[in-house]
Amino acid sequence: SSSQSNNQVLEKHQPRLEEKAVANAAAGNQRELYDPALKPDTSVYYEERGACIHSARIERIDGTPCNVLQGGKLYKLCYQVDFQEPLENVAFGFTAKTTNGLVLAGAGASKSQASLVRYIEAGKRAIVAYHFTCNLLAGTYFLTIGCSGVGTGERIMAHRAVDVLAFKVLPEFDSIATGYFDLQPRLDYRL
């Protein structure tokens, strides 16, 4: 009967991020790649205070450099830190921002005792890799990376590189999500 039809719950769901990445690849309209021209023009390297950050890049899980990303896929933010002075309770971190400077997300190991490196002596190199799932929607974003530690009794920013990397997230296939993040929205409605 028509009253039963009207009371039925109709559901249109948003595909999961992994399903969308597969659909995008199958449609041939999405491609992860490394674009050497994709660089921020706002990069600032702060004074080195016992450490030097270098060799920052985003990689696919297989180690291939990549700065044009697909939503829903796993990537690595990699960088190296050379220590000129000994530091205790060393923390590595990063933030992802819009090109206008709005901080969207990140990670700061100084907030987790378990993530701190107790001691790094002068002359050592740390190879840092943060694994992350790209849940950002289409757009261009910048990454800031940093390293802090305790050198003379207080926590200092040993080195920080602001807007050191730019990356682009490709548009999603058949997405209803808006804003900056894909929260995997699912629409339910009744007629």
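**Exercise 1.** Determine how the lining residues of the second largest pocket divide by class, and where they come from.

*Solution.* The lining comprises 11 nonpolar, 4 polar and no charged residues. Here Ala, Val, Leu, Ile, Met, Phe, Trp, Tyr, Cys and Pro count as nonpolar, Asp, Glu, Lys and Arg as charged, and the others, Gly among them, as polar. The model is predicted: local features need pLDDT of at least 70, side-chain atom pairs count only at pLDDT 80 or more, and totals for chains, interfaces and linings use all residues. Residues are numbered from 1 along each chain as its sequence is written, and side-chain values use heavy atoms, with hydrogens and water left out.

Next, identify the contributors. Of the 15 lining residues, F94, A96, A105, F132 and T133 lie nearest the centre of this pocket. Strands β6, β7 and β9 (125–133) each supply at least two lining residues, and β9 gives the most, with 4. Strands are DSSP runs (E, at least two residues), numbered from the N terminus.

Finally, the volume is about 220 Å³. A pocket is, on a 1 Å grid over the protein atoms alone, an open set of points where a 1.4 Å probe fits, with protein on both sides within 12 Å along at least five of seven lines; lining residues have an atom within 4 Å of a point. The volume is the space filled by probe spheres set on the points, which are joined across faces, edges and corners.

**Exercise 2.** Describe the lining of the largest pocket.

*Solution.* The largest pocket holds about 280 Å³ of space. Among its 17 lining residues, G93, F94, A107, G108 and M157 are the closest to its centre. By class, 8 are nonpolar, 7 polar and 2 charged.

**Exercise 3.** Classify the ring pair formed by Y75 and F132.

*Solution.* The structure holds 3 aromatic pairs (ring centres of Phe, Tyr or Trp, its six-membered ring, within 6.5 Å; planes under 30 degrees apart stacked, over 60 edge-to-face, the rest tilted). The centres of Y75 and F132 are 6.0 Å apart and the planes meet at 35°, so this pair is tilted. Y75 belongs to β5 (residues 74–83) and F132 to β9, so the pair ties together parts 57 residues apart in sequence.

**Exercise 4.** How many disulfides does the structure contain?

*Solution.* The search finds 0 disulfides (cysteine sulfur atoms within 2.5 Å). For C66, the closest cysteine sulfur, in C134, is 9.5 Å away, too far for a bond.
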